[in-house]
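Dear colleague,

Please find below the sequence and structure that I am handing over to you. My notes on the findings follow directly after it.

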Amino acid sequence: MTDLCALYVLFVLPALIFGLLPASFVLERVRFRIADALQLLAPYAVWMGLTAIHAGDKSLANLIELPILGAATGLFFAGRVALGILRPQPGTRAPLQALACSCLLAIVFWRFFPGLPE
């Protein structure tokens with residue numbers, strides 16, 4: 001359990017730096033949804049689930065995927081915030097699309113990132 005928390009920090013810190021830091025300047029102008037909060041958990045859960053199901057030839061050196069995935073997730077969130085400011089629409093699907101893109105990117109990273117030697 002401690003390992004899962006430590007690995008989550010590898011994911012969430014870049015996500016917060018790349019996503020919440022730029023968005024903090026305009027937070028009062030954006031309406032947040034549940035999908036925005038799930039974006040800090042779902043891509044990590046997808047990547048960890050896939051790794052737990054089938055580790056294959058991956059090693060601890062592949063943990064570099066988590067900070068990269070976190071940074072990309074943060075950028076998806078920042079893009080969703082920017083889109084919400086540029087084109088505010090009450091029933092927008094931008095949070096769900098950002099969440100789906102982050103989870104899809106987790107699958108792509110897990111699948112196509114080669115196994116690295118330790």
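Among contacts in the protein chain between residues at least 6 apart in sequence, what percentage join residues at least 24 apart? The value is 90%, where contact means heavy atoms within 4.5 Å.

Before the details, a note on the basis of these values. This is a predicted model, in which local features need pLDDT of at least 70 and side-chain atom pairs count only at pLDDT 80 or more, while totals for chains, interfaces and linings use all residues. Residues are numbered from 1 along each chain as its sequence is written, and side-chain values use heavy atoms, with hydrogens and water left out.

Overall architecture

The protein chain contains 5 helices and 0 strands (helices are DSSP runs of H or I with at least four residues, strands are runs of E with at least two, and both are numbered from the N terminus). In sequence order the pattern is α-α-α-α-α. The radius of gyration is 15 Å, close to the 13 Å that the globule rule gives for 118 residues, so the chain is as compact as a globular protein of that length. This radius is taken over C-alpha atoms, and the globule rule is 2.2 Å times the number of residues to the power 0.38. Along the principal axes, the C-alpha atoms occupy a box of roughly 45 × 25 × 20 Å.

Surface and charge

Of the 118 residues, 35% are buried (buried means under 20% relative accessible area, exposed over 50%, and partly exposed in between, with a 1.4 Å probe and protein chains only). The chain exposes about 7200 Å², and carbon and sulfur atoms supply 74% of that area; accessible areas come from the Shrake-Rupley method with a 1.4 Å probe, and for residues only the protein chains shown count as cover. The mean positions of the 8 positive and 6 negative charges lie 19 Å apart. Here Lys and Arg count as positive and Asp and Glu as negative, with His and the chain ends not counted; each charge is placed at NZ of Lys, CZ of Arg, CG of Asp or CD of Glu.

Nonpolar cores

A nonpolar core is a set of buried Ala, Val, Leu, Ile, Met, Phe, Trp, Tyr and Cys residues joined through side-chain atoms within 4.5 Å. The largest has 11 residues: L7, F11, V12, Y44, W47, M48, L66, L69, A106, F109 and W110. At least two residues of this core come from each of α1 (2-23), α3 (42-53), α4 (65-86) and α5 (94-112). Apart from this core lies another, of 5 residues, including A23, V26, F77 and V81. Leaving aside neighbours within four places in sequence, L7 is in contact with Y44, M48, L63 and L66.

Individual residues

F32 is situated in the loop between α1 and α2 (34-38). With a relative accessibility of 37%, F32 counts as partly exposed. Beyond its neighbours within four places in sequence, F32 contacts L27, F77 and R80. F32 and V81 are 49 residues apart in sequence, and their C-alpha atoms are 9.0 Å apart.

Helix α5 holds C101, which is partly exposed at 35% relative accessible area. The C-alpha atoms of C101 and P43, 58 residues apart along the chain, are separated by 9.1 Å. V108 is also found in helix α5, and its relative accessibility of 35% makes V108 partly exposed.

V9 belongs to helix α1 and is partly exposed, with a relative accessible area of 42%. From V9 to R31, 22 residues apart in sequence, the C-alpha distance is 26 Å.

Yours sincerely
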